[in-house]
Amino acid sequence: IIEKWGLFDHKGKELIKPKYAYLKECSEGLIAAMREEKTWGYIDPEGYTSILFRYSDAGNFKNGRAEVMVPY
């Protein structure tokens with residue numbers, strides 16, 4: 001079974017189609033998302049890419065900053 005992550009509101013309305021390998025919690029209006037290629041980036045709650053998918057890991061934002069891991 002291949003799991004896909006998406007985002008729904010509290011009434012069950014789909015906000016982001018389930019297409020990501022993993023999603024972290026929303027922090028400061030952005031969601032760290034992982035694609036199947038194991039690259040991380042950030043999307044907004046509507047599913048638009050805010051920060052390109054080019055990291056090997058991405059943390060949640062706090063005070064306008066987030067820790068990311070840049071691949072070699």
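Reply: Tyrosine 20 and phenylalanine 53 are both buried, that is, under 20% relative accessible area; exposed means over 50%, and partly exposed lies in between (1.4 Å probe, protein chains only). This is a predicted model, in which local features need pLDDT of at least 70 and side-chain atom pairs count only at pLDDT 80 or more, while totals for chains, interfaces and linings use all residues. Residues are numbered from 1 along each chain as its sequence is written, and side-chain values use heavy atoms, with hydrogens and water left out.

Around phenylalanine 53, the charged end of arginine 35 sits over the ring, 3.9 Å from its centre. The criterion is NZ of Lys or CZ of Arg within 6 Å of the ring centre and within 35 degrees of the ring normal. Beyond its neighbours within four places in sequence, methionine 34 touches Tyr20 and Phe53, among others; contact means heavy atoms within 4.5 Å. Phe53 also belongs to a second, separate core of seven residues, which includes Ile16, Ile31 and Ala33. A nonpolar core is a set of buried Ala, Val, Leu, Ile, Met, Phe, Trp, Tyr and Cys residues joined through side-chain atoms within 4.5 Å.

Now the ring pairs. The whole structure has four aromatic pairs. Rings of Phe, Tyr and Trp (its six-membered ring) pair if their centres lie within 6.5 Å; planes under 30 degrees apart are stacked, over 60 edge-to-face, the rest tilted. Tryptophan 5 and tyrosine 22 have ring centres 4.6 Å apart and planes at 55°, so they are tilted. Tryptophan 5 is in strand β1 and tyrosine 22 in strand β3, 17 residues apart; strands (E, at least two residues) are DSSP runs numbered from the N terminus. Tryptophan 5 is partly exposed because its relative accessibility is 31%, and tyrosine 22 is partly exposed at 35%. The rings of tyrosine 20 and phenylalanine 53 are stacked, because their planes meet at 10°, with centres 6.2 Å apart. Tyrosine 20 is in strand β2 (residues 14–20) and phenylalanine 53 in strand β6 (residues 49–55), so this pair joins parts 33 residues apart in sequence.

Trp5, Tyr22 and Trp40 form one aromatic cluster. Over the face of tryptophan 40 lies lysine 24, at 4.8 Å from the ring centre. Lysine 24 also makes a salt bridge with aspartate 57, the closest N and O atoms being 3.4 Å apart; the term requires a side-chain nitrogen of Lys or Arg within 4 Å of a carboxyl oxygen of Asp or Glu.

Key: Helix = DSSP H or I, 4+ residues; strand = E, 2+ residues; numbered from the N terminus.
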